[in-house]
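Here is my note on the model you sent, arranged as numbered points. Please read it with the structure open beside you.

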Amino acid sequence: MKTIIVSLLFLSLSFSCSQAASSAEKTETTTESKAYASKEYERAKRLFSKAVTAVEEAAKKGSPLAQKHLADCYLYGVGVKQNHAKAVLFYDKAAKNGLSSAQERLGHCFEFGEGTAKDPRKAIMHYRKAAMAGSQKAAYRLAFCHEYGVGRRRSMERAIYWYEKAADLGLTEAMHRLGDYYLWEDDKSAKEGSDNKRAFTYYERAAKLGHGLSQLEVASLYMSGRGVEKSVSKAVEWLKKAAEQGVGIASRKLGDCYRLGLAVKIDATKAATAYLKAAESGDGAAEYKLAICHEYGYGLKRDATEAARW
């Protein structure tokens, strides 16, 4: 119980410190408000320092959660001087005490050489232990190692096995990766065309959990009718969801729907607005279309200067 309290204290004070910093940056620039923000920020830092001390004490007494939090602090230099070697030391302690998230982070350290020499084989060992204990991130990294031959011979079969494990544990990135694989890379499906439905199923699972790129793929499959019955109206609904997530391509495609009247009424203003959102995210094709809108006054006030800028 004490471990849980310390953990929650640590996390809440981390949030308080960041909020105070944000407040100090955003508060109006008056002498009084600056002084207030500075005072609150210093107060948060003092509380944060106390929290780190409490975590250190709990870690020394053997709390795996505290050991993991302390390792995080050393890894990123939060509340203590950055020290990757000490991070590895406390991740190892927490992992030996049965904490799967620490086991996963230990694998990360060995894979990327943070605080220790790179050792892909040890990374895989720790990822496997963490994955077997239910760590979705570890299962995903283990799949990645199998796919790209990190620490062992490449095996797409083993990679798919672990991507599926990560997906079953709820990791949307793994669901999306499986969708990509079954849609584009599986040699058998390329020859037989039999796995489009499986690709759609994985994309849809991730999309329903809020994964923006998967929402875009679901929209694309509905638009083309690959792996699912064609439905432009459903495609538009998923494009809207992906656009809300900040997926630039989705915003651009949504703009096309409003421009062409695909399952929605033609609306120049909404089309131009969607192009603007996509362009601001860095989508090159949307930048061009936005320039055209400015040049000809489509959904926007005609503006040669803005057209040239985009």
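1. I begin with helix 11, which spans residues 196-208; in this predicted model the helix has 13 residues and covers 18 Å between its first and last C-alpha, close to the 18 Å expected at 1.5 Å a residue.

2. After helix 11 comes Gly 210, which has a positive phi, near 95°.

3. The pairing with helix 9 can be described in more detail: helix 9 and helix 11 pack with their axes 8 Å apart and at an angle of about 160°. Angles over 145 degrees count as roughly antiparallel, and helix 9 and helix 11 are therefore roughly antiparallel to each other. The crossing of helix 9 and helix 11 is left-handed. On the helix 9 side the contact is made by Thr 172, Met 175, His 176, Leu 178, Gly 179, Asp 180, Tyr 182, Leu 183 and Trp 184, and on the helix 11 side by Asn 196, Arg 198, Ala 199, Tyr 202, Tyr 203, Arg 205 and Ala 206.

4. Helix 5, residues 100-112, also has 13 residues, and it reaches 19 Å from its first C-alpha to its last, close to the 18 Å expected at 1.5 Å a residue. Gly 113 follows helix 5 and has a positive phi, near 70°.

5. How many of the 13 residues of helix 5 are buried? Helix 5 is mostly covered, with 10 of its 13 residues buried, namely Ala 102, Gln 103, Glu 104, Arg 105, Leu 106, Gly 107, His 108, Cys 109, Phe 110 and Glu 111. The elements that cover the buried residues of helix 5 include helix 3 (64-76), helix 4 (84-96), helix 6 (120-132) and helix 7 (136-148).

6. Turning to the whole chain, the protein has 17 helices and zero strands, and 42% of its 310 residues count as buried. Among contacts between residues at least 6 apart in sequence, 44% join residues at least 24 apart.

How values were computed
Residues numbered from 1 in each chain as written. Predicted model: local features only at pLDDT ≥ 70, side-chain atom pairs only at ≥ 80, totals over all residues. Heavy atoms only, no water. Helix = DSSP H or I, 4+ residues; strand = E, 2+ residues; numbered from the N terminus. Expected span 1.5 Å × (residues − 1). Axes fitted to C-alpha atoms, helices over the stretch in contact; angles between N-to-C directions. Parallel < 35°, antiparallel > 145°, perpendicular 65-115°, else oblique. Left-handed = near helix turned anticlockwise from the far one by under 90°. Contact = heavy atoms within 4.5 Å. Buried < 20%, exposed > 50% of the residue type's maximum accessible area, 1.4 Å probe, protein only.
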